[in-house]
4 protein chains.
Amino acid sequence: MKRRIIIGVMGAGKRASKTDVEAAFLLGKLIAERGWIVLSGGRNAGVMDAVSRGAKAGGGLTVGILPGGDARDASPAIDIPIITGMGSARNNINVLSSDVVIACGTGGAGTFSEIALAIKAQKPVVLLNHTAASCQLFKSIDGALVHTADSPEKAVQIAESIVTL
Amino acid sequence: MKRRIIIGVMGAGKRASKTDVEAAFLLGKLIAERGWIVLSGGRNAGVMDAVSRGAKAGGGLTVGILPGGDARDASPAIDIPIITGMGSARNNINVLSSDVVIACGTGGAGTFSEIALAIKAQKPVVLLNHTAASCQLFKSIDGALVHTADSPEKAVQIAESIVTL
Amino acid sequence: MKRRIIIGVMGAGKRASKTDVEAAFLLGKLIAERGWIVLSGGRNAGVMDAVSRGAKAGGGLTVGILPGGDARDASPAIDIPIITGMGSARNNINVLSSDVVIACGTGGAGTFSEIALAIKAQKPVVLLNHTAASCQLFKSIDGALVHTADSPEKAVQIAESIVTL
Amino acid sequence: MKRRIIIGVMGAGKRASKTDVEAAFLLGKLIAERGWIVLSGGRNAGVMDAVSRGAKAGGGLTVGILPGGDARDASPAIDIPIITGMGSARNNINVLSSDVVIACGTGGAGTFSEIALAIKAQKPVVLLNHTAASCQLFKSIDGALVHTADSPEKAVQIAESIVTL
């Protein structure tokens, strides 16, 4: 029996733009439709919430790795809240637990840390709708691991090509 | 929509007794048959592996919170491996993420730490097939949170009475 | 150059008894007088605070591994507050960073978890002023690692015999 | 009694350039001469090792927050090794425990994660000898927290102006 693929989707919380939230919802739906599990930071805000709602709309399963000490902060679209109680140190768990990490929107400091931790852990990363500066910088750290995409469809295609290697 | 109940089952790895392993398998099956999710330390050994196999036999979903930095160590019966890379510090995540913690067999130092961390986090704990000394000691820390059971059926009944409060 | 010995002293916070607090102060002083560093959970309460004050009275250096996300909760007698922001998961850092762990008083669930995590990590543990039940239970897990003492002087003697092996 | 200032210095391990290593040594010396404590990732490589050796040359005290499960990997110039056993998740402890974070050299993925985690935790950051692209990107996340310097002297001056506010 092969284990189901887990795609981590990272992005801003309440500061997420309308574009990021819409992209995240579509990402979640597309990932779920491929039978993959969506993993996120789990909170009830921005990209984390939208990708989980999208995944549920696509009939998928959602895991949220929460920074707080209980599930109060979880998006209602999270099926399995993992309660870490360890704040941003949980970002490393997000990336270690994902087969591919998609950073949806340039995001803030939290998302940046997740991209960097993913590269550190040698996980493939897809930067979706990032600024040219962000793409260039992360590619300069590890050009082989870092991919860029300008649509959710393209991001999921890249993820698919990675996980079916 | 109500979230599915998560029952954490803790116990020894390779040092688990035959009794512990058989009890863990039955526990997993009974938990899954109630529609609950089984969460464990996730490794491919002892109670962690047996409870996950039991849950799959009961048609359930299994989550493993792994101490290592990748999924190589995971039981094949784990559906969702959460990779923490943080060794025994992940024991706190095991208990925070569970609605009820069942310690299957007196176990070793790792299981003891999980029982203690569960009490610290004010999580209900069921001690299944523990020695009288272990039961007494943990009850002396918090008599209201700590329950004892001498069969998997009884342990799951206690868990049920707690989560349906 | 040899590194200075680090002795971890664990025990209850605000629920610590007067006996525990007095023993912790003396422990800290005796440890500091040997030129060793005192490491604790760092909070401004009970055993953690008392052992740090004792160490400062003995001219020593104190490290506190704090559960919270900033230093507000630290005992004023902590020289070096390590801010983990990871709650009780930091208990594992306490024991990994100590050459010997002394549990001062039977304590509560947090102290129990630290004793268990220490044994799991194969660290020598001294149980100071514990109940017979607690001593027996932990010795049953690993009799070679677990020592008992009925005075701070005796606890420090045991630690000394371990670190000078 | 006021607590001593802790300056976190982050940077590459074995991939550190000669320039980074020399800058780190001088940084450590300058920090120690001000009576501040140097905190780093603690390993016996690159910036971590050099800044600790510099601090010892300046008569200072050094703390290393180690990713591994024991002290074998620690720089001999670390006075106080904190053993986390949690890999890169310890990067968050590095920044939470520092009053100011100095990133010495553009570094690799680990250093990037530390800069991002520092900004997330609202810690002041000094980028020493970073590329223009790196400076610009991090300033775009939080212009008020992120400072840039082109010499160790300047970096320590900035840190001084921050901690004496």
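Here's a quick look at one chain-to-chain interface and two helices. The model is predicted. Chains A and B bury about 1,900 Å² between them, helix α5 of chain A has buried residues that pack against parts of chains A and D, and helix α1 of chain D has a span that agrees with its residue count.

**Where chain A meets chain B**
- The contact involves 25 residues of chain A and 25 residues of chain B.
- Of the roughly 1,900 Å² buried between chain A and chain B, 66% is on carbon and sulfur atoms.
- You'll find zero salt bridges between chain A and chain B, but six residue pairs are in polar contact across that interface (both at pLDDT 80 or more).
- On the chain A side, β2 (37-40), β3 (62-66), β4 (80-83) and α3 (91-96) each give two or more residues, with β4(A) supplying the largest share at four residues.
- Sorted by class, that side of chain A has 18 nonpolar, five polar and two charged residues.

**Helix α5 of chain A**
- Covering residues 132-141, α5(A) has S134(A), C135(A), L137(A) and F138(A) as its buried residues.
- Within chain A, those buried residues pack against α4 (109-120), β6 (125-128) and β7 (146-149).
- They also pack against α4 (109-120) and α5 (132-141) of chain D.

**Helix α1 of chain D**
- At 1.5 Å a residue, the 16 residues of α1(D) (18-33) should span 22 Å, so the 23 Å between its end C-alpha atoms agrees.
- Its buried residues are D20(D), A23(D), A24(D), L27(D), G28(D), L30(D), I31(D) and A32(D).
- Elements of chain D that cover these buried residues include β1 (6-10), β2 (37-40), α2 (46-57) and α6 (152-163).
- Just past α1(D), G35(D) takes a positive phi of about 85°.

How values were computed. Residues are numbered from 1 along each chain as its sequence is written. Chains are lettered from A and ligands numbered from 1 in the order in which they are written. This is a predicted model: local features need pLDDT of at least 70, side-chain atom pairs count only at pLDDT 80 or more; totals for chains, interfaces and linings use all residues. Side-chain values use heavy atoms; hydrogens and water are left out. Buried means under 20% relative accessible area, exposed over 50%, partly exposed in between (1.4 Å probe, protein chains only). Contact means heavy atoms within 4.5 Å. The expected span of a helix is 1.5 Å times one less than its number of residues. Buried area is the accessible area (1.4 Å probe) that two parts lose on being put together, summed over both. A salt bridge is a side-chain nitrogen of Lys or Arg within 4 Å of a carboxyl oxygen of Asp or Glu. A polar contact is a pair of N or O atoms within 3.5 Å; within protein, one must be able to donate a hydrogen and the other to accept it, and residues adjacent in sequence count only if both atoms are side-chain atoms. Ala, Val, Leu, Ile, Met, Phe, Trp, Tyr, Cys and Pro count as nonpolar, Asp, Glu, Lys and Arg as charged, and the others, Gly among them, as polar.
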